[in-house]
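Hello,

Here is the structure for you to look over. My notes follow below it.

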Amino acid sequence: MGQDPDILRRLLRAKDRVDGASQEEWPIRRLARVSGVSEAHFARSFKEAFGLPPHRYLLTRRIERAVALLRDTDLPITDIAFQTGWGSLGTFGRTFRDVTGESPGELRARERAATHELAPVPACYVAAAHRPDLTIAVSEKRRLEADGKNDPHETEVI
Amino acid sequence: MNQGVNVVGLYVRDQDEALQFYVEKLGFSVHTDARNGGYRWLTVQHPDQPSFQLGLCTPESPTLDAASAQALRELVAKGAMPPLVLMVDDCQAAYDRMRARGVEFTQEPIARYGSVDAGFRDPSGNGWKMVQSRG
């Protein structure tokens with residue numbers, strides 16, 4: 001048990017790069033190269049280190065950014081979809097709803113209606129604190145909701 | 001100042017490496033570098049902040065049990081330690097200077113919320129925000 005701290009430090013570099021440019025494509029080959037880890041080991045090592053597979057981590061960062069843009073700007077939803085890395089508005093809207101439970105438009109309306117007092121906390125930390133907690137795959141979440149179960153956190157699925 | 005926070009310790013993976021980073025790349029100076037057997041008490045300070053020291057500590061036995069030390073080494077390397085913030089007069093200038101010295105930046109300077117901020121990590125994985133002071 002336990003992971004080599006030197007490898008963890010290099011995996012962190014890949015995570016930082018995703019954080020810095022989550023709108024970009026991050027295939028395993030690219031991430032593995034940043035970390036200096038073999039492609040065969042990267043995804044497993046990343047999940048062991050950070051608790052979720054790299055592609056799902058990327059998804060949480062994209063949703064987090066989209067939420068911030070919906071809340072803090074007047075950008076059209078289409079622009080937000082493309083700026084945060086989705087290839088189509090349909091995929092964005094469907095994934096967004098699957099992860100957050102509401103559509104981008106609904107979230108924007110709700111956030112606008114609520115009074116927020118976030119200003120005193122540094123924005124980057126607020127963003128991290130509001131990151132979606134995606135403990136299961138989106139496909140699994142869809143399946144569970146289709147089955148009428150409403151407590152997906154009970155089931156940790158790779 | 002006679003009262004207040006004097007030292008905050010930071011876990012680092014290697015004290016020599018951390019010393020070089022904080023002194024040569026960030027411009028801190030060594031305050032105390034004292035050894036007692038295998039133990040080394042090492043603190044650095046910002047040139048403008050003589051009443052505050054940053055302790056550069058390694059998680060190791062016998063101060064900690066071996067399993068806890070290993071767990072902390074992993075957490076530091078994963079960037080899981082709490083936030084650190086460095087205030088600077090000019091974020092872009094500091095970024096240019098530090099980047100030229102090889103500091104690993106995680107975020108370029110961004111102007112927002114009435115200030116400018118950037119992000120970097122020390123060699124161990126500790127994450128810093130670098131924020132431009134307002135006015």
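This is a predicted model: local features need pLDDT of at least 70, side-chain atom pairs count only at pLDDT 80 or more; totals for chains, interfaces and linings use all residues.

The crossing of the two, α1(A) and α2(B), is right-handed (the near helix is turned clockwise from the far one by less than a right angle).

Which residues of α1(A) and α2(B) meet? From α1(A) come Pro5(A), Leu8(A), Arg9(A) and Leu12(A); from α2(B), Arg73(B), Glu74(B) and Ala77(B). This contact has 4 nonpolar, no polar and 3 charged residues (Ala, Val, Leu, Ile, Met, Phe, Trp, Tyr, Cys and Pro count as nonpolar, Asp, Glu, Lys and Arg as charged, the others, Gly among them, as polar).

Now the whole interface. 13 residues of chain B are in contact with 15 of chain A (C-beta atoms, placed from the backbone, within 7 Å). On the chain B side, α2(B) gives the largest share, 4 residues.

Chain A has 9 helices and 0 strands (DSSP runs: H or I, at least four residues, for helices; E, at least two, for strands; numbered from the N terminus).

Residues are numbered from 1 along each chain as its sequence is written, with chains lettered from A and ligands numbered from 1 in the order written. Local features need pLDDT of at least 70 and side-chain atom pairs count only at pLDDT 80 or more, while totals for chains, interfaces and linings use all residues.

Technical notes
Two residues are in contact if their C-beta atoms, placed from the backbone, lie within 7 Å.
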